[in-house]
Protein chains: 2
Amino acid sequence: MIGAAVFPVEPWQVREPALATHRLAQSESVFALANGHIGLRGNLDEGEPHVIAGTYLNSFYEQRPLPYPEGGYGYPEQGQTVVNVTDGKLIRLMVDDEPFHVAHGRLLTHERVLDLRDGLLRRTVDWVSPAGRRVRIRSSRLVSFAQRAIAAVDYEVEAVDREVRITVQSALVADEEQPQPSADPRVAAALEHPLIAVVQDTEQHGAVLLHRARASGLLLAAGMDHAVTAAGGFDEETDVRADWARTTVVTVLRPGERLRITKFLGYAWSSSRSPQALRDQVAGALTGAHYAGWDGLADDQRAYLDDFWDAADVEIDGDPVLQQAVRFGLFHVLQAGARAERRAVAAKGLTGPGYDGHAFWDTEGFVLPLLTYVAPHAAADALRWRHSILDQARRRARTLGLAGAAFPWRTIHGEECSAYWPAGTAALHLNAVIARAVERYRTITGDDALEAECGLEILVETARLWVSHGHHDAGGAWHVDGVTGPDEYSGVADDNVFTNLMAARNLRAAADACARRPEAAAALGVRPDEPRAWRTAAAAVHVPYDERLGVHAQAAGFTRYAPWAFAAEHPGEPLMLHAPYFQLYRRQVVKQADLVLAMHWCPEDFTAAQKARNVDYYERITVRDSSLSACTQAVLCAEVGHLELAHDYAWEAALVDLRDLHANTRDGLHLASLAGAWSAIVEGFGGLREHDGGPALAPRLPAGITGLRFRLRHSGRRLLVEADHDTVRVSLRDGDDARLALRLYGEEVEVTAGAVVERPVVPLEPLLPPPTQPPGYAPERAGAAGRTGSS
Amino acid sequence: MIGAAVFPVEPWQVREPALATHRLAQSESVFALANGHIGLRGNLDEGEPHVIAGTYLNSFYEQRPLPYPEGGYGYPEQGQTVVNVTDGKLIRLMVDDEPFHVAHGRLLTHERVLDLRDGLLRRTVDWVSPAGRRVRIRSSRLVSFAQRAIAAVDYEVEAVDREVRITVQSALVADEEQPQPSADPRVAAALEHPLIAVVQDTEQHGAVLLHRARASGLLLAAGMDHAVTAAGGFDEETDVRADWARTTVVTVLRPGERLRITKFLGYAWSSSRSPQALRDQVAGALTGAHYAGWDGLADDQRAYLDDFWDAADVEIDGDPVLQQAVRFGLFHVLQAGARAERRAVAAKGLTGPGYDGHAFWDTEGFVLPLLTYVAPHAAADALRWRHSILDQARRRARTLGLAGAAFPWRTIHGEECSAYWPAGTAALHLNAVIARAVERYRTITGDDALEAECGLEILVETARLWVSHGHHDAGGAWHVDGVTGPDEYSGVADDNVFTNLMAARNLRAAADACARRPEAAAALGVRPDEPRAWRTAAAAVHVPYDERLGVHAQAAGFTRYAPWAFAAEHPGEPLMLHAPYFQLYRRQVVKQADLVLAMHWCPEDFTAAQKARNVDYYERITVRDSSLSACTQAVLCAEVGHLELAHDYAWEAALVDLRDLHANTRDGLHLASLAGAWSAIVEGFGGLREHDGGPALAPRLPAGITGLRFRLRHSGRRLLVEADHDTVRVSLRDGDDARLALRLYGEEVEVTAGAVVERPVVPLEPLLPPPTQPPGYAPERAGAAGRTGSS
């Protein structure tokens, strides 16, 4: 766990006051910059030391074999892995004859700041070389939201007390050495040097390198250009080889003099275009960036973010830790999706190589619920990406013997890459989660056009999937058998409540959409009997309920299973590290919210009393070995009145990476959890839900939060909600005729521009006392000193 | 499928009248010779052409990695694969200057005969070389039952019409080229050249080669010695290299003159002994073989088999095809187990590399039921092998979080090698099947000593496993959740009836054994409360029954699942080739007898009416994509009165390899199916069961079998049962005081020596008409012309 000493609690930035060498891997992820298309890990300018050097282009991947010791029909044979592309972040510095390195000489100061408002990563260094030459270095880095193909580094060196010769080598390097990507040598071999040089070009102040990924065949172009300012004269030259290019600037600085180099980086990739076209595209992008200059790019970045925060910011009074963390999460979720433009939003965004760079249900399940409210254009593009892989999903469905489309559990390019079917193929619920995102985009944004463009087809094809997999029993009840719900400690079960309820919603949404757009439906070949069958199945969906215990069974038979015997040997450690699936699957132990998630996403299907009892039951057996759990538990705990427990879970979701709670932030950030932290606050403490297409609110704050203000976009309006322990205020921040109907503590109200709706907070008496968690698995208390202790 | 033209129907032999080059791979398996320790595939003497060259030593294996694209806790990391050891079968012949090869020159005759009574594989060849030199070759091969470490080849060449120079090269060759063992290069690399030369020695008329398996470290010694007789003089010399040795004999034969070479082969391996000790052991074995000479070895072979057939033969009147096949099966099952002596009996015996040479539940489930009746010493040794791997099974149980011992689903050396847990680890029933074999050995042979030696410990440790995995629900019923029964098209299910009933028997047998041997139980640390808990669980075992349909559900919920939609595209093909487990696991389709096997092995747990209804229900959804199904279906179909259908299934089980019905006889024989054919006949048509420790009989023959006589050993007696459509005769073939109590059609009778018990056949009117099978999956009719058509 990372303590607060590494990243002090500050409202609008993440700052590392001194280089935390032992947290280098984590800071590479935390300080990652991205715009959804290009991602740069927070590696040091000079490249070394590093744990994982990372430069990513969304969906630029290499193909690799998936070897099975015992295979089976329909097992994916090819995997896809995100590639560390040509690294353009590198700026190496020599002071006289010695290279700058943080571990050599004396590091007087070293500070890095990720500014969440202007989107820059700034670094200031004061260094004395082993030979006693002192320099100050200031660098700023950005990945442009405004110019999608562009990143830039502004690098400045100043001589302090003596005249020094300064040599700066700005490089592009392909096929950097990477940590062993797999214990399997076949896989390692495929990924060790995936890039084959194609073409190199020297530009006026830089170069362009083109490479092709060996097996996937994807073509990549990376280019750099430079603008140099020096106190006196300087020499500049550029060398280019197959796998690297280097622009070298040499000058002599007297004390107080500075050398400034602005490095513009351009990236592009394609599966179909020619090297020439790609080279020209990058050269063109670089020209555009050069024209804007560093200041122009930085101004545009700030403007983009100002617009974002204007309708996205969440203010939390009384809990500065959560305040910083939720903004950090919002910023990174924006970075992952902003300019993805019909490419996947991966589970780790573009912050690291974790999960092979794959996108999962995390996108639609956790990231889009946030983006739909705060950056709807990005949500729309993510759904367009799903639509673009419908053909792969249809083929997958055929392989599985099913109709419609079966979206991949994990993928980059659309093909299923999951090599363990009980937790991949069997997690059929993913398809209903996608359908939910489609439907929510329409009702929250009010944008009907996307449904016509692609949403309807997704709804229809997923509905067809469900009716081909589910079946009606002799009594007419509709069942979905042999699937795995969100809880990965329960695989291949029948009638998983989450899956069944979400499938029913998927089926109704598809039928409704076809009714709204009969011509478009007919064009998709929807026969009149299909929506009828969908509604029949949805109406007859079977939902296991244990009358004896008065709770829902997560899946058929679940509440009859043996309890999990928590061993004393590994308190609080993930169970999967010490127990086989064979045992986990048929015990009453839950990795991550599953039935509880059903209550979050299908709130109308449960009574308040059922919610209270179910929360109580499942809290006692849930271990949160997945980062996709705390946020959901926060929302439901808040709903049933366990506000302090909800606060704890909100912390856990929000601090997943700033505190490295799952001990794998090195591989990239947990975007779903970061987005989920927003959900914990806004849907948990704000009580935000969507009812019949309109928002519902029911703010209730825990003791440790004295005030909460959140902004979001709804139906084209900008909504502001302000709450403390006594009063709630809801207002619109748009023009005179703006109005929005919503439900506040169950009361229908209409908010109009300029007229704040104010109500007293309606308190909720919880039906049951706060539940306990399994031994060793209780969340840390929000605000507890222990959370900031270790580093 | 192989037609009858390849192997004509003859009662006591399998003969190939002409070389069937297109069936070479299958004849290599069919003509394999083995004694349970050494196995020689039926490769031609001269080694080429071959499909799979095979020489095996029981349990001599190489270790290899098991690579998982997505691993999990408790997944086995190391596999074990049987190794093609140093090949001593090779005898190459040169006629003048041309090598003998069946595809060159002219093959006037080529006949091979596997004689089931004397245990020899004989070959006669009449060949004209490309240069027109004609020779006759006669060779005989044996793997000695009497001298466990010895195999031998008697090789004779005769000049026919001209004087020819004959050169015979008799070889030992290590690390022969093998078919690609795996698509995975890591695995292939580990297995391509597994043998490292250690020591070589020239002996008087031969050589000994020692090799070590690279990763497993096992040491192997292979030696050859020769006895040469020639009409005139001859030269003999021996060359030895690291990976081969060659004894060359040269002579000149005039027409009618012969050169005869008897080649003695000695094999040994060890995990602990020194190369010197192993070399001496092989040299000693060769001296012993030389002393016996070919005739002595062949006489001993015949004597061993005479003794075997005396109490094992099954005679079938009216169906010569089944007659040949059942003897073929009995012979091969004997070959697999006769001298295994505390080594595994693999699923393919020592006939081929299929399933990596692993032993499965096939051994205790299908092979031992036969061996216990006809070669009890071999059954005892197989159980001693199980006992010898208890430590590995205990460690495996600990890994799984369970008590007691969890035997491996597939292994050579005892460690779990199954790389797909839903059909490996989850097939927990294996442990109860082993316990059943222990118990049946005691009750059928009357030998109590094995229980004290090792049976009790197996029963206790498996009982401990069951109670640690199973659990009592709130109402007290005992459940076994998340397991896979015999049917591999239904994985990870709850309360599989077969598993539950077998587990209950295991628990009761363990408790009974502890009661019989309180001191031994105490020595194993059995606490007094343990047998009580075992009996409590067994008494409370839950057995799913579908009241609506009046049949047992194979597992909880099974009869509620959707039916399988049989596609028109692949009629009769194994479903697993075209459908994923994801679909198969939750449909009502059955790969192999599961509930039906429960009725065979736990007959008292079902009423006659339940059996009839269950057979009817499961017949309609069983596709027999496993070779472990037809035999069980035969037994139960016979029991409920579908005698003709039982006859069809008996054929299918018996002809699995002679007709290559599963299209993989190339990889080795299906020993469980061959043993199961005996079961189909003796337990099916003979009605043999064990009731309270005594045999029960109820012979009823199908129309196509006019008479059935079978022999077996029971309680130290040799029993003969003779039946036709009218009369049954039961007699003992032992001394004056021999007597045996048994049940005949439910009547308690006592058979005494010299007094034949004779009764009229009691016919059975089936409760239901014969069922149909899924479209395309009906068995071929026994005796149908189609069975002998293709070749």
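Trainee: Leaving aside its neighbours within four places in sequence, which residues is Thr202(B) in contact with?

Mentor: This is a predicted model. In it, Thr202(B) is in contact with Ala207(B), Thr238(B) and Val240(B), once neighbours within four places in sequence are set aside. Thr202(B) itself sits in strand β14 (residues 195-203) of chain B.

Trainee: Is Thr202(B) buried, partly exposed or exposed?

Mentor: A residue with 20 or more other C-beta atoms within 10 Å of its own is buried, and one with 12 or fewer is exposed. Thr202(B) has 14 C-beta neighbours inside 10 Å, so it counts as partly exposed.

Trainee: How far is Thr202(B) from Arg689(B), in sequence and in space?

Mentor: They are 487 residues apart in sequence, and their C-alpha atoms are 55 Å apart.

Trainee: Now chain A. In what order do the strands of the nine-stranded sheet stand?

Mentor: The order is β1-β9-β10-β11-β12-β19-β16-β15-β14 in chain A; the sheet is open and the pairing antiparallel. The edges are β1 (13-16) and β14 (195-203) of chain A, each having a single partner strand, so one side of each has no neighbour in the sheet. On average, neighbouring strands of this sheet are turned by 15 degrees against each other, direction ignored.

Trainee: Why is β16(A) said to be largely enclosed by the rest of the structure?

Mentor: The reason is a count of buried residues: nine of the 12 residues of β16(A) (residues 219-230) are buried, so the strand is largely enclosed.

Trainee: Which helix lies across β16(A) and β19(A)?

Mentor: Helix α3 (residues 275-310) of chain A does; the strands it lies across also include β11 (134-143) and β12 (150-159) of chain A. The helix runs at about 135 degrees to β19(A).

Trainee: What is the strand order in the sheet of five strands?

Mentor: That open sheet of chain A has the order β8-β7-β13-β18-β17, with antiparallel pairing. β8 (98-99) and β17 (234-240) of chain A are at its edges, each with a single partner strand, so one side of each is left without a neighbour in the sheet. Two bridges join β7(A) (residues 91-95) to β8(A), where Val95(A) stands opposite Glu98(A).

Trainee: Which residue does UniProt list for "active site"?

Mentor: An unreviewed UniProt entry lists Glu488(A). Such annotations may be inferred rather than shown by experiment. In the model, Glu488(A) lies in the loop between β22 (478-479) and α10 (497-516) of chain A. With 22 other C-beta atoms within 10 Å, Glu488(A) is buried. Beyond its neighbours within four places in sequence, Glu488(A) is in contact with Ala423(A), Lys591(A), Gln592(A) and Ser626(A).

Trainee: Where does UniProt place the feature "domain: Glycoside hydrolase family 65 central catalytic"?

Mentor: The unreviewed entry places it at residues 327-678 of chain A. That span is 50% helix and 3% strand, and its end C-alpha atoms lie 9 Å apart.

Trainee: How do I read the relation between the two chains?

Mentor: Two copies of a chain are related by a rotation about an axis and a shift along it.

Trainee: How many residues of chain B are in contact with chain A?

Mentor: 40 residues of chain B are in contact with 41 residues of chain A. On the chain B side, α2 (185-192) and α13 (581-584) are the elements that give two or more residues. The largest share, three residues, comes from α13(B). By type, the residues on this side are 22 nonpolar, 10 polar and eight charged.

Key. Residues are numbered from 1 along each chain as its sequence is written. Chains are lettered from A and ligands numbered from 1 in the order in which they are written. This is a predicted model: local features need pLDDT of at least 70, side-chain atom pairs count only at pLDDT 80 or more; totals for chains, interfaces and linings use all residues. Two residues are in contact if their C-beta atoms, placed from the backbone, lie within 7 Å. Helices (H or I, at least four residues) and strands (E, at least two) are DSSP runs, numbered from the N terminus. Ala, Val, Leu, Ile, Met, Phe, Trp, Tyr, Cys and Pro count as nonpolar, Asp, Glu, Lys and Arg as charged, and the others, Gly among them, as polar. Two strands pair if DSSP finds at least two bridges between them. Axes are lines fitted to C-alpha atoms, for helices over the stretch in contact, and angles run from 0 to 180 degrees between N-to-C directions.
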